[in-house]
Amino acid sequence: MDLKHSGFPVPSDYFGVLWALSGIRDLLVLEHGSTGTCNYNAFNYMIMNRQTPKGKLFSSGMDEDDVVMGRDEKIRDAVAELDCKYHPKMIALVATGVTSVIGLDLKGIIEEIQPKTNARLLSFSGGGFAGDYTAGIREVFGTLARDVADDGSKDASFKADEFTVNIIGPTIDSFNIVSDLTEIERMLRLMGVRVNTVFTCDTEVDCIKNLKCASLNLVTRDIGLEAAEILKERFGTPYYYGLPFGVRGSIEWMKDISSMLGIGLDRTVVRAEVERYGFSILELANHMQNFDHLKAMISCPPDYSTGLAVMMREEWGIDPALMVLPAYSANVQTEKQDRMQDCIQDRMQARTRAMVHGGEADGDSGTERESRILIEPDCQTLKEAIDSIKPQIIFGNSYDLNIAKDVPIRIHAAFPAFDHIYRYDGTPFVGLRGHAYLTQMIINQLNLNPEVFRN
Amino acid sequence: MMSQQHPDIGTKYIRLSELPDGGSLATTAHAKYPGQHCSFRAVAGTVPLIKNSYALLLGPAICLYNAKLSMNMRSLTSDPRPNNLLFVNYSQEDIIFGFREKVREAILQADREYHPEVLFLITSCLQEIVGEDFDACIDEVRPLVRARLLIIHTENFTCEGAAPGVENMFRSLFELMKEQPQEARTANILGLWTSNARKTELVRLLESKGVRIKNIIPSYCTPSELEAAPGAQLNIVLDQYGLPLARQMKERFGTDYIYSRKPYQPDSIEQWYHEIAAELNIDIQTEVADLKEKTLAFQEKARCALDGLTCAISGVSGRPFDLASLLASVGVKPEAMLLQTVLSEDRPDIQSLLDLGVDPIIFRGDNSLQNDELLARLSPDLTVGSFERTSPARLGIRPVVLSTSNYLLGFESTIEVLRLLMEKPPGLEALMYKERILGKGEC
């Protein structure tokens, strides 16, 4: 049993629900539980870039009598108060562990009180027992895509806006989201593409209702794929999945999106971008600094891990020798999700192999160096892997960086990042500016730790 | 935050002079944020202060993740707590099929791998609701481990606030204590929560008179030191949470105690010291007089700087109404006090404040949006106490956070309070400037 002494207990679906809902401006969240649970959330929002749920999250203040008697007056009164006082377009009722255990029927309560409530009411009843936080985010994404997005496409005259996309995946817990979104939106503007909404870290109820207006959905995070599938099924909107990492990855991303939207990519713009942001690590290192032996550990969600690994190997020549991925919840594992995860792992292994073969997937030159992949290892396993591989660089979350204290270059690159602020919008990891920022940062870090260079 | 159009805050407060006898204040809203503290969190944040211990936190992922984060935030300060927390997830399967085996295995593993002298077992709301006989399970495993197993129940849903859980934490320490011969001129301090506890003015003053402080509970005492705690001549109880333990020690071991919460006014501090000194048969009059004189001089300086200001008080450690009197004495009129509960022992301080002609609004302070509405209506110059800075700044109110005074005692605490009132912390001007531009468009 992993007692999580050095690591952290993975947040449950309850948190995913809160985080996925928190970026919807005109929606309020009312959780049914004791106020202690709500009070605690001030802390967990604080570690995500010093955000606060104030004005967004409320508690019904359930007490012992409510538990014993199964009473629901408090949640009814709280809904009425929020509805009357703040006029939200939507109120989401969220179960906590206590509600879930006593089996309170949130859907039944909604059926009764919806007619006298102006805000539309939704319920999320997992209560922290339906899996990890990704399950909660998926539940919210699925509910909004299925039940809230307007089916205006039944109107025969409806036509999606050309050159308009939804960005699907970012939520308030997403690492480095301020800068990454800024860069993604900037690159889309370069292509003449407009963003309809960012689902869900920067949106509002009407934007969700109008998801169908976009002619393409850009999925930036694997946990947005189900919602994209739902939207494809309902509105016929195609989707593109992936993040732009590195120079090559960014240009391929732009080409793919241009192609899907049927627009031409202006070569002059691309050239200007590459000239400005495409500097290679070799242009920044001096001729006495040899770093072709360096190994890195990447411990991030799959989208970041894959992109960083490819960029690291292709553009820096650094070996992503150890990859650590989060597990998807066993409780909500579906066949489809299994396939998705297998696919991600296969792709990563294939691409990593391809990278060490000089970019040729089936090439036979180069040294065979496969990344070791660990799925949510316990702390001891992780320590042993680090001790064995001895990376000089780690990209990971705050706990990974603490566990790998002897690794000289430690870079925050994943949630949770309780000791790291990323509010400024000029430090992207993705896109061409992300390439420039990371390349500059890694060479600066190497310069601060010159012992890692090979003579 | 979404806008609201029907402020009805005026119906939710009373004047101090209208306050009924002790207990919780009326809630200010049905939908609450953030609400009162969780006792699971409070206990999880406290048990690391007991040396040579580990704690198994037994709860759903919601509680465990938040407990870990609270510790992580503390780790970013100069007073990090030892990392002694271990986590056992209470899953849906455990609710259905039972938690006993998992807990038993975790206890054996923690004992084997971490070798604690004491292993705290901290339950959350869910075990209490499910009703599995948790204590019996622990009794079965007790003979198999070297560690002393101390159970702390923190059923937060049964109460408003963290008090019962924290009291349970204190009570659990009683199980470590043994009958001791009483040692003259020794004392324990109950209810001081800091690594600097032994450097406080109270401790320095008592030690200068030959009083040995055996334990400061729960500030970094070892299980063996706690075992010897009943031998103290006196327990000095600084807050209500330590009171049940002091009563148990008196009943079982005859250890005398004095319940004397942290004062703020120089006269109150003088009396506080003299009461403690009387119990210990020591004479500290000269030292106290010197300290008081310096504090009075500082108080006069503060009056010159602060006279004519108004404030709202919240989140105070110790005696809130005595702090209100201190503020009034330097010309800062308390317009409102945002509190969770009023204790019966607050009555003398309340009367003193009213006798000064100060009759502030009393408002339940656990609902942040309601607090903001009240502050917007009253528009005091200062908020004093709470950790919240951005919201008052947005309202054009200067926030005075008292966190550095919370870990001090006696005159030095009062001087720190007055210093914080007179000196703006780094960054505050910039915050206020930004909020003025955002709020009123001034630039």
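## Ser329 of chain B

Ser329(B) sits in helix H13 (residues 320-329) of chain B. Helices here are DSSP runs (H or I, at least four residues), numbered from the N terminus.

Not counting residues up to four places away in sequence, Ser329(B) touches Gln265(B) and Gln299(B). Contact means C-beta atoms, placed from the backbone, within 7 Å.

## Model and numbering

This is a predicted model: local features need pLDDT of at least 70, side-chain atom pairs count only at pLDDT 80 or more, and totals for chains, interfaces and linings use all residues. Residues are numbered from 1 along each chain as its sequence is written, while chains are lettered from A and ligands numbered from 1 in the order written.

## Nonpolar core

The largest nonpolar core has 253 residues. Such a core joins buried Ala, Val, Leu, Ile, Met, Phe, Trp, Tyr and Cys residues through C-beta atoms within 7 Å. Leu30(A), Leu56(B), Leu57(B) and Ile122(B) touch the most other members. Helix H2 (residues 61-75) of chain B gives the most to this core, with 8 residues.

Beyond neighbours within four places in sequence, the contacts of Leu56(B) include Leu86(B), Val88(B), Phe120(B) and Ile122(B).

## Confidence in chain A

Chain A has a mean pLDDT of 90, and 90% of its residues reach 70 or more. pLDDT is the predictor's confidence in each residue, from 0 to 100. Over residues 329-341 of chain A the pLDDT is below 50.

Note on methods:
A residue is buried if 20 or more other C-beta atoms lie within 10 Å of its own, exposed if 12 or fewer, and partly exposed in between; C-beta atoms are placed from the backbone. Helices (H or I, at least four residues) and strands (E, at least two) are DSSP runs, numbered from the N terminus. Two residues are in contact if their C-beta atoms, placed from the backbone, lie within 7 Å.
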